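Please look over the sequence and the model below before reading on. The numbered points that follow are meant for someone new to this structure.

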Amino acid sequence: MEYRRLGKAGVKLSELSFGSWVTFGDQISDDVAEDLMIAAYEGGINFFDNAEGYAAGRSEEVMGKILTKLGWPRDTWLVSSKVYFGSAPEPKKPNQTGLSRKHVFEACHAALKRLNVDYLDLFFCHRPDPETPIEETVRVMSDLIAQGKVLYWGTSVWSDEEIMEAYTVARQYNLVPPTMEQPFYNALQREKVDIEYARLYKTVGIGTTTWSPLASGLLTGKYNDGLPQNARLSRESYGWLRDWVLKPERLDKVRAFGNLAKELNLSQSVLAIAWCLKNPHVSSVILGASKVHQLSENLKASDAAKKLTPDILNKIDEIFGNKPKEHSNADNH
Ligand SMILES: NC(=O)c1ccc[n+]([C@@H]2O[C@H](COP(=O)([O-])OP(=O)(O)OC[C@H]3O[C@@H](n4cnc5c(N)ncnc54)[C@H](OP(=O)(O)O)[C@@H]3O)[C@@H](O)[C@H]2O)c1
């Protein structure tokens, strides 16, 4: 496992990290969640990703119990939470979601309690909130940092302009600017990281903890012949995700990608994750898994990335219809 700085910040994250969306407190048992955390930690992962909205707070409770039980030294791992969607039961009341000073403050305290930690290493604004001035959110994040409850704050799926505004407001009022962004990033959905955020790496120095490296499993090829049982996109309550990810025109690309993986003697999941790692602006690729054998396989991506030549990256670009010259890393890694 390699460790990368979070943008210009000094803190180092394992280049592969592990998140609990869909799985913890919902799809999998707490025992499997524990086995996954152990496999991740023993594989060198030091960053565990979570959010108030995952399984309505249960995901944080499960992770908190596991971290407490396993008792790993606090200086060997980082944990995150994210605020915006809220954890209260539906229908949520007006201040139980969003990025107002009130909700961010309360969500932070609730996450500390559920995760059973004294501070959150990373705290993300899970989406932009058009009903809260960015200055209000920057100020409360700065205050939480000053209070020692959060070490680094960041955004998730914000636009380049919104992140720039947060940075500018922070500089104007001597507050703490965002350190990181958490965007989706895989060979099918690469525009935000590769194109939209290009200026932010230099000006703001943001790091990125990227999500859905397998496009929720699509890139593994498991949906090539329909919906398998017990897979994420087959779950009834995730129809919205199925519609977003499982587009018929993508399947031919995924099949061609599968042929390339075979030629390289790699699994599709390893090749897809290794592709993400080739981008130097990615600080950490957050993995998801519902089974330990999936995670063990996916962890091989660190080694595989070292063997991906510019020629292979160009072939991947061709398969997915990306212009090779746009690949930020094709000729320098
Ligand atoms: N900030 C945000 O808005 C945001 C959004 C989404 C995710 N995230 C974070 O990023 C993390 C990772 O995202 P993700 O879970 O969407 O990642 P992903 O890698 O795209 O999907 C993971 C899922 O794919 C399937 N899978 C994984 N490895 C496999 C393998 N080797 N073979 C077959 N199937 C495999 C598993 O689902 P099944 O076994 O159920 O099919 C697994 O849960 C999340 O846990 C969360 O922490 C953040």
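**Notes on the model**

1. L36 is found in helix α2, residues 30-42. Helices (H or I, at least four residues) and strands (E, at least two) are DSSP runs, numbered from the N terminus. Residues are numbered from 1 along each chain as its sequence is written. This is a predicted model, in which local features need pLDDT of at least 70 and side-chain atom pairs count only at pLDDT 80 or more, while totals for chains, interfaces and linings use all residues.

2. Is L36 buried or exposed? L36 is buried, because 26 other C-beta atoms lie within 10 Å. A residue is buried if 20 or more other C-beta atoms lie within 10 Å of its own, exposed if 12 or fewer, and partly exposed in between, with C-beta atoms placed from the backbone. Not counting residues up to four places away in sequence, L36 touches A289, V292 and L295. Contact here means that the C-beta atoms of two residues, placed from the backbone, lie within 7 Å. The C-alpha atoms of L36 and S290 are separated by 8.3 Å, although these residues are 254 apart along the chain.

3. I319 lies in helix α14, residues 310-320. I319 counts as partly exposed because it has 18 C-beta neighbours inside 10 Å. Its contacts, leaving aside neighbours within four places in sequence, are K253, A256, F257 and L260. Between the C-alpha atoms of I319 and M37 there are 34 Å, and the two residues are 282 apart along the chain.

4. A closed barrel of 8 strands runs β3-β4-β5-β6-β7-β8-β9-β10, with parallel pairing. Two strands pair if DSSP finds at least two bridges between them. Strand β4 (residues 47-49) is joined to strand β5 (residues 78-83) by 2 bridges, and the two run parallel. In this pair F47 stands opposite L78, and F48 stands opposite V79.

5. How many residues of β5 are buried? The count is 6 of its 6 residues, and β5 is mostly covered. In a regular strand the side chains alternate between the two faces of the sheet. Both faces of β5 are covered, with L78, S80 and K82 buried on one side and V79, S81 and V83 buried on the other.

6. Strand β6 (residues 120-125) runs parallel to β7, and 5 bridges join them. F123 stands opposite W153 in β7. Strand β7 (residues 150-155) has 5 of its 6 residues buried, so it is largely enclosed by the rest of the structure.

7. The axes of helix α3 (residues 58-70) and helix α4 (residues 101-115) come within 7 Å and cross at roughly 45°. That makes α3 oblique to α4. Axes are lines fitted to C-alpha atoms, for helices over the stretch in contact, and angles run from 0 to 180 degrees between N-to-C directions. Angles under 35 degrees count as roughly parallel, over 145 as roughly antiparallel, 65 to 115 as roughly perpendicular and the rest as oblique. On the α3 side the residues are E60, E61, M63, G64 and L67, which meet A111, R114 and L115 in α4.

8. Of the 30 residues around the ligand, G19, W211, L214, G217 and G288 come nearest. A residue is near a molecule or strand if its C-beta atom, placed from the backbone, lies within 6 Å of it. The elements giving two or more residues to this shell are β10 (284-287) and α12 (292-298). The largest share, 3 residues, comes from α12.
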